Amino acid sequence: MNRHTVEPLVAAHVDPPWDPAAWRAAARAALRAGVAPERIDWNGGMQGSLLGGSDLALLPAQRPAPRVPAEFLALASAVLCHRADDRHGLLYRMLWRIAEGERALLQCASDPDVHRATTMAQAVRRDSHKMKAFVRFRAVPGADEEYVAWFEPEHHIVDRVAPFFARRFAGMRWAIVTPYRTALWDGEALAFAPGGSRGDAPAEDAREDLWRTYYANIFNPARLNPTMMRSEMPQKYWKLLPEAALLPDLMREAGARVREMAEREHAAPRRKIPAAPAPAPVLDGSLEALRESARDCRRCPLWQPATQTVFGEGPADARTMIVGEQPGDEEDLSGRPFVGPAGRLFSRALDELGIDRRTLYLTNAVKHFRFEPRGKRRLHKRPDVAHISACNGWLQAEIAHVRPERIVCLGASAARAVLGPGVRLSEERGIWRTREDGVRAFATVHPSWVLRQGDPPAQAAAYAGFVEDLRQLVTA
Ligand code: URA
């Protein structure tokens, strides 16, 4: 075509505009028809209107379907939730460039398109994290076990985050109302409806006192960092949080409480782990009920200095369960397993193997952080056999609930907890065993052991061996 000829614009319709499958279908059709990025008019806004020109679906395919790297699709699914109207066009331009031969485009962090898309994806992930942390359900007066929450996300993240709430609050019926979209869970299926207003959620209910008591208990004055707290929990969300009312007092009293805690620590007698500890894990309820009862576990003394129980997380019907040793410092503070340095190394290995971490159920042999205070730091201390056996009831109950096909034990403590006290990691590494309940399991090294290997070549070799062991999840 003559370079002065103006080709007609093509309208692309993505409905809803944040839906990865809808965008993919449109982008794929455009790419197959050879439509250059500047010729597409995307409906980036919320109206979903067609802007004129011919429809993508009507264009004849001229090229084979493109092969798109999984990494790009993961990035695109986050970017699509960003509120910026140009996101569809940005992603299509990147896809076009990849299809035209720039296969390593995503590795070029300084490229303006890559930089912008990465920044947008980060903003969406941050917003998703805030939604998970700050949504608070309130009981609907007069209704039986029905809950509604009001939340104002910055981006279009409701569809992305709703499955998290469906897993976490599977046994309740709930709605999360936002200005642009409402997510509904009836105990079996997720549905979406138009947005609403703050008045659609009840203002306060009897559970608020429970939240406040819980928060006052887990608040650790020694870790108080008001600046970080304000950035992690922006004041915009405070009005949603029953516990926010406590913050000014807790912050004011923090200094005195730290001194009191230090004195108590010196005076505390060294106690033996009780022989018949309570409460016992519940097996007849849901996984969520099990998690709830583990919150108050006192089966060994590790609960006392720890911030909270770090229970397992992941799909309740996961095919694969990963068992680590115990939560570390970051896990203890966030309440989630494998979010610290060892967890990040583990995630890297999973990415390399093409395993989606979200499909795994991640947990630990011991659910409280054992540490030694060293100045302001808390140094990891390996759990004793007694801690592992006190916590084993929770782990076995998790296994019984999730019924994974296979378990990977990270490190010797996990191997003992899953395969029995006689197991030696040096002899068993990488070898599949079948437990009495029929679940297959193998043990490998712990990612924090990989991180502890001194020089870079030793660490690289340890990491390569770790990845090779995990590869069995892909091939077996
Ligand atoms: N190490 C573990 O074993 N588990 C975690 O959750 C984090 C670090």
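## Contacts with the ligand

A polar contact is a pair of N or O atoms within 3.5 Å; within protein, one atom must be able to donate a hydrogen and the other to accept it, and residues adjacent in sequence count only if both atoms are side-chain atoms. In this predicted model, local features need pLDDT of at least 70 and side-chain atom pairs count only at pLDDT 80 or more, while totals for chains, interfaces and linings use all residues. Residues are numbered from 1 along each chain as its sequence is written, and side-chain values use heavy atoms, with hydrogens and water left out.

A polar side-chain atom of H446 lies 2.6 Å from an oxygen atom of the ligand. The backbone contributes too: an N or O atom of E325 is 2.7 Å from a ligand oxygen atom, and one of Q326 is 3.1 Å from a ligand nitrogen atom. On its own the ligand has 240 Å² of accessible area (Shrake-Rupley method, 1.4 Å probe), and the protein covers 93% of this 240 Å².

## The shell around the ligand

Around the ligand, with a heavy atom within 4 Å of it, are G324, E325, Q326, P327, G328, E331, P337, F338, N364 and H446. This shell holds three nonpolar, five polar and two charged residues. Here Ala, Val, Leu, Ile, Met, Phe, Trp, Tyr, Cys and Pro count as nonpolar, Asp, Glu, Lys and Arg as charged, and the others, Gly among them, as polar.

F338, a shell residue, lies in the loop between α11 and α12. Its phi is positive, about 55°, although F338 is not a glycine.

## The pocket

The ligand takes up the space of the second largest pocket, in the sense that more than half of its atoms lie within 2 Å of the grid points. A pocket is an open set of points, on a 1 Å grid over the protein atoms alone, with protein on both sides within 12 Å along at least five of seven lines; lining residues have an atom within 4 Å of a point. The volume of this second largest pocket is about 740 Å³.

Its lining has 32 residues, and A342, H380, H446, S448 and R452 lie nearest the centre. By class, 13 are nonpolar, ten polar and nine charged. At least two lining residues come from each of α11 (329–334), α12 (341–353), β12 (377–380), α14 (412–419) and α16 (447–452).

## A cis peptide bond

The peptide bond from D15 to P16 is cis, with omega near -5°. P16 is in the loop between β1 (10–12) and α1 (20–32).

Notes
On a 1 Å grid over the protein atoms alone, a cavity is a set of points where a 1.4 Å probe fits but cannot get out, and a pocket is an open set with protein on both sides within 12 Å along at least five of seven lines; lining residues have an atom within 4 Å of a point. Grid points are joined across faces, edges and corners, and a volume is the space filled by probe spheres set on the points. Helices (H or I, at least four residues) and strands (E, at least two) are DSSP runs, numbered from the N terminus.
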